[in-house]
Amino acid sequence: MRVDFESMPWQDAAPGARFKAIRQGRRMLRILELTPEFVELDWCRKGHSGIVLEGELEIEFQGALARYPSGSGISIAAGPGAAHKARAVTARVRLFLVEDA
(Lines give C-alpha, C1' and ligand atoms only; values in the text may rest on other atoms or scores of the structure.)
Protein backbone atom coordinates (compact mmCIF):
# COMPACT_ATOMS: atom_id res chain seq x y z
CA MET A 1 0.00 0.00 0.00
CA ARG A 2 1.34 3.41 -0.98
CA VAL A 3 0.88 6.15 1.63
CA ASP A 4 0.61 9.67 0.20
CA PHE A 5 1.56 11.83 3.19
CA GLU A 6 1.73 14.93 0.97
CA SER A 7 -2.02 14.89 0.35
CA MET A 8 -2.94 14.28 4.01
CA PRO A 9 -3.92 17.22 6.23
CA TRP A 10 -1.88 18.04 9.33
CA GLN A 11 -3.48 17.30 12.69
CA ASP A 12 -2.57 19.34 15.77
CA ALA A 13 -1.32 17.28 18.71
CA ALA A 14 -0.19 20.04 21.10
CA PRO A 15 1.30 23.53 20.83
CA GLY A 16 4.37 23.11 18.63
CA ALA A 17 3.46 19.57 17.52
CA ARG A 18 1.49 18.32 14.54
CA PHE A 19 1.31 15.05 12.65
CA LYS A 20 -0.01 13.06 9.69
CA ALA A 21 -0.82 9.41 10.37
CA ILE A 22 -2.29 6.28 8.87
CA ARG A 23 -3.21 3.15 10.78
CA GLN A 24 -2.86 -0.33 9.36
CA GLY A 25 -4.12 -2.94 11.79
CA ARG A 26 -2.06 -2.63 14.96
CA ARG A 27 0.57 -0.35 13.38
CA MET A 28 0.63 3.36 12.70
CA LEU A 29 2.87 5.23 10.25
CA ARG A 30 3.31 8.84 11.28
CA ILE A 31 5.07 11.99 10.14
CA LEU A 32 5.59 14.12 13.25
CA GLU A 33 6.70 17.75 13.20
CA LEU A 34 7.95 19.52 16.33
CA THR A 35 9.04 23.10 16.97
CA PRO A 36 10.75 24.54 20.07
CA GLU A 37 7.29 25.60 21.28
CA PHE A 38 6.53 21.92 22.02
CA VAL A 39 7.04 20.97 25.67
CA GLU A 40 6.28 17.51 27.01
CA LEU A 41 4.91 17.93 30.52
CA ASP A 42 4.78 14.21 31.32
CA TRP A 43 7.21 11.40 30.55
CA CYS A 44 6.27 9.48 27.41
CA ARG A 45 6.26 5.71 27.93
CA LYS A 46 5.27 4.73 24.38
CA GLY A 47 7.64 2.94 22.05
CA HIS A 48 8.88 4.68 18.91
CA SER A 49 10.97 3.56 15.93
CA GLY A 50 11.85 5.77 13.01
CA ILE A 51 14.18 8.31 11.49
CA VAL A 52 14.79 12.04 11.79
CA LEU A 53 13.98 13.44 8.35
CA GLU A 54 14.84 17.06 9.06
CA GLY A 55 16.30 19.14 11.88
CA GLU A 56 17.76 18.00 15.19
CA LEU A 57 15.91 16.34 18.05
CA GLU A 58 16.99 16.04 21.67
CA ILE A 59 15.54 13.31 23.88
CA GLU A 60 15.88 13.18 27.64
CA PHE A 61 15.85 9.72 29.17
CA GLN A 62 15.31 10.51 32.87
CA GLY A 63 18.53 12.45 33.30
CA ALA A 64 20.52 11.38 30.22
CA LEU A 65 20.33 13.50 27.06
CA ALA A 66 20.75 12.18 23.53
CA ARG A 67 20.82 14.20 20.30
CA TYR A 68 19.49 12.95 16.99
CA PRO A 69 20.50 15.00 13.93
CA SER A 70 18.88 14.58 10.53
CA GLY A 71 19.36 11.05 9.23
CA SER A 72 19.53 9.46 12.69
CA GLY A 73 17.51 6.38 13.46
CA ILE A 74 15.47 6.21 16.65
CA SER A 75 14.45 3.09 18.54
CA ILE A 76 12.81 3.54 21.95
CA ALA A 77 11.20 0.63 23.78
CA ALA A 78 7.80 1.02 25.40
CA GLY A 79 7.48 1.08 29.18
CA PRO A 80 8.52 3.05 32.26
CA GLY A 81 12.17 2.00 31.97
CA ALA A 82 12.46 3.92 28.69
CA ALA A 83 10.42 6.98 29.73
CA HIS A 84 11.48 10.00 27.72
CA LYS A 85 10.79 13.61 26.74
CA ALA A 86 11.57 15.02 23.30
CA ARG A 87 12.28 18.58 22.21
CA ALA A 88 13.20 20.31 18.97
CA VAL A 89 16.73 21.74 18.98
CA THR A 90 16.24 23.40 15.59
CA ALA A 91 13.37 25.59 14.36
CA ARG A 92 11.62 22.49 12.98
CA VAL A 93 12.12 18.75 13.38
CA ARG A 94 10.36 16.20 11.16
CA LEU A 95 10.30 12.52 12.03
CA PHE A 96 8.98 9.42 10.33
CA LEU A 97 7.76 6.96 12.98
CA VAL A 98 6.39 3.43 13.01
CA GLU A 99 4.45 2.81 16.20
CA ASP A 100 1.86 0.54 17.78
CA ALA A 101 -1.60 1.97 17.16
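Gln62 sits in the loop between strand E5 (56-61) and strand E6 (64-69). Strands here are DSSP runs of at least two residues (E), and helices are runs of at least four (H or I), numbered from the N terminus. Gln62 is not a glycine, yet its phi is positive, at about 40°. Most residues other than glycine have a negative phi.

The model is predicted: local features need pLDDT of at least 70, side-chain atom pairs count only at pLDDT 80 or more, and totals for chains, interfaces and linings use all residues. Residues are numbered from 1 along each chain as its sequence is written, and side-chain values use heavy atoms, with hydrogens and water left out.

**Overall fold**

- The chain has 0 helices and 9 strands.
- From the N terminus, the order of elements is β-β-β-β-β-β-β-β-β.
- The radius of gyration is 13 Å, close to the 13 Å that the globule rule gives for 101 residues, so the chain is as compact as a globular protein of that length. The radius is taken over C-alpha atoms, and the rule is 2.2 Å times the number of residues to the power 0.38.
- The C-alpha trace spans about 40 × 30 × 25 Å along its principal axes.

**Burial, contacts and surface**

- Buried residues make up 37% of the 101 residues. Buried means under 20% relative accessible area, exposed over 50%, and partly exposed in between (1.4 Å probe, protein chains only).
- Of the contacts with a separation of 6 or more, 56% join residues 24 or more positions apart. A contact means heavy atoms within 4.5 Å.
- The accessible surface is about 6100 Å², and 52% of this belongs to carbon and sulfur atoms. Areas come from the Shrake-Rupley method with a 1.4 Å probe; for residues, only the protein chains shown count as cover.

**Strands E4 and E7**

- Strand E4 (residues 48-54) pairs with E7 in the antiparallel sense over 4 bridges. Pairing requires at least two DSSP bridges between two strands.
- Gly50 has Ile74 as its bridge partner in E7.
- Ile74 and Ile76 form the covered face of strand E7 (residues 73-76), while Gly73 and Ser75 form the uncovered one.
- In a regular strand the side chains alternate between the two faces of the sheet.

**Lys46**

- Lys46 lies in the loop between strand E3 (27-34) and E4.
- Lys46 is exposed, with a relative accessible area of 60%.
- Beyond its neighbours within four places in sequence, Lys46 contacts Ile76, Ala77, Ala78 and His84.
- Lys46 and Ala83 are 37 residues apart in sequence, but 7.8 Å apart in space, C-alpha to C-alpha.
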